[in-house]
Amino acid sequence: MRENLEQFLNHLRREKQKSPHTLDAYSRDIAQFIDFMEKKRYGAGPGAPDTKNIRHWLGEMQRDGASRATAARRLSALRSFFKYMKKKGIVETNPAALVESSRAEKKLPDYLYREEMDGLLAAPEDAAREG
């Protein structure tokens, strides 16, 4: 799969004109998945991965402390990689397309205390008087 990764990165660079930062992120994310497949002895060929392997990879990532956003980004990179390989006839299916990404963590919005809001609302009046 590493040879396919290089072809994919060249495709992104030349045809999709992706930024160097995007290429670096895709390269790291997909290489991490390939390393995982080799470490677990699931197979290193393009047709070896299945949805179960991908879910296992995502689970390990989260156990290692990766955020949901990081896992979603890595899954997105993997989906694009398999989509490319499917389009080129290297694989028959895209196993990553069948894996749902976990929802991003929703953060509560920051808020102002009443005194801060009063000060903010009074600010234009103070500035108008001075100007």
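Predicted model: local features only at pLDDT ≥ 70, side-chain atom pairs only at ≥ 80, totals over all residues.
The side chains of Asp35 and Arg2 come together in a salt bridge, with N and O 2.4 Å apart; the term denotes a side-chain nitrogen of Lys or Arg within 4 Å of a carboxyl oxygen of Asp or Glu. Because Asp35 belongs to helix H2 and Arg2 to helix H1 (residues 2–14), this pair ties together parts that lie 33 residues apart in sequence. Helices here are DSSP runs of H or I with at least four residues, numbered from the N terminus. Asp35 is partly exposed at a relative accessible area of 39%, and Arg2 is likewise partly exposed, at 36%. On this scale, buried means under 20% relative accessible area, exposed means over 50%, and partly exposed is in between (1.4 Å probe, protein chains only).

Residues are numbered from 1 along each chain as its sequence is written, and side-chain values use heavy atoms, with hydrogens and water left out.

Across the whole structure, the search finds 5 salt bridges. Asp29 takes part in a salt bridge with Arg73, the closest N and O atoms being 2.8 Å apart. This pair, too, links distant parts of the chain, with Arg73 in helix H4 (residues 68–87) and Asp29 in helix H2, 44 residues apart. Arg73 is partly exposed, at a relative accessible area of 37%, whereas Asp29 is buried, at 2%. Asp29 also forms a salt bridge with Arg74, where the closest N and O atoms are 3.6 Å apart. Since Arg74 lies in helix H4 and Asp29 in helix H2, the pair ties together parts that are 45 residues apart in sequence. Arg74 is buried, with a relative accessible area of 17%. Elsewhere, salt bridges that share partners join Arg2, Asp35 and Glu38 into one network.

Helix H2 also packs against helix H3. The axes of H2 (residues 20–39) and H3 (residues 51–63) come within 11 Å and cross at roughly 105°; axes are lines fitted to C-alpha atoms, for helices over the stretch in contact, and angles run from 0 to 180 degrees between N-to-C directions. Contact means heavy atoms within 4.5 Å. By class, this contact has 6 nonpolar, 3 polar and 3 charged residues. Ala, Val, Leu, Ile, Met, Phe, Trp, Tyr, Cys and Pro count as nonpolar, Asp, Glu, Lys and Arg as charged, and the others, Gly among them, as polar.

Asn53 of helix H3 is buried, at 6% relative accessibility. Leaving out residues up to four places away in sequence, Asn53 touches Phe33, Phe36, Met37, Tyr42 and Ala48.

Ring pairs link Phe8, Tyr26, Phe81, Phe82 and Tyr84 into a cluster. Tyr84 is also touched by His11, as is Lys16, not counting residues up to four places away in sequence. His11 is found in helix H1 and is buried, at 13% relative accessibility.

Two further residues complete the picture. Leu23, in helix H2, is buried with a relative accessible area of 9%. Neighbours within four places in sequence aside, Leu23 is in contact with Leu9, Leu12, Arg13 and Lys18. The C-alpha atoms of Leu23 and Ile90 are separated by 21 Å, the two residues being 67 apart along the chain. Ala72, in helix H4, is partly exposed, with a relative accessible area of 25%. The C-alpha atom of Ala72 is separated by 6.8 Å from that of Ser102, 30 residues away along the chain.

Key: Helix = DSSP H or I, 4+ residues; strand = E, 2+ residues; numbered from the N terminus. Phe/Tyr/Trp six-rings, centres within 6.5 Å; stacked < 30°, edge-to-face > 60°.
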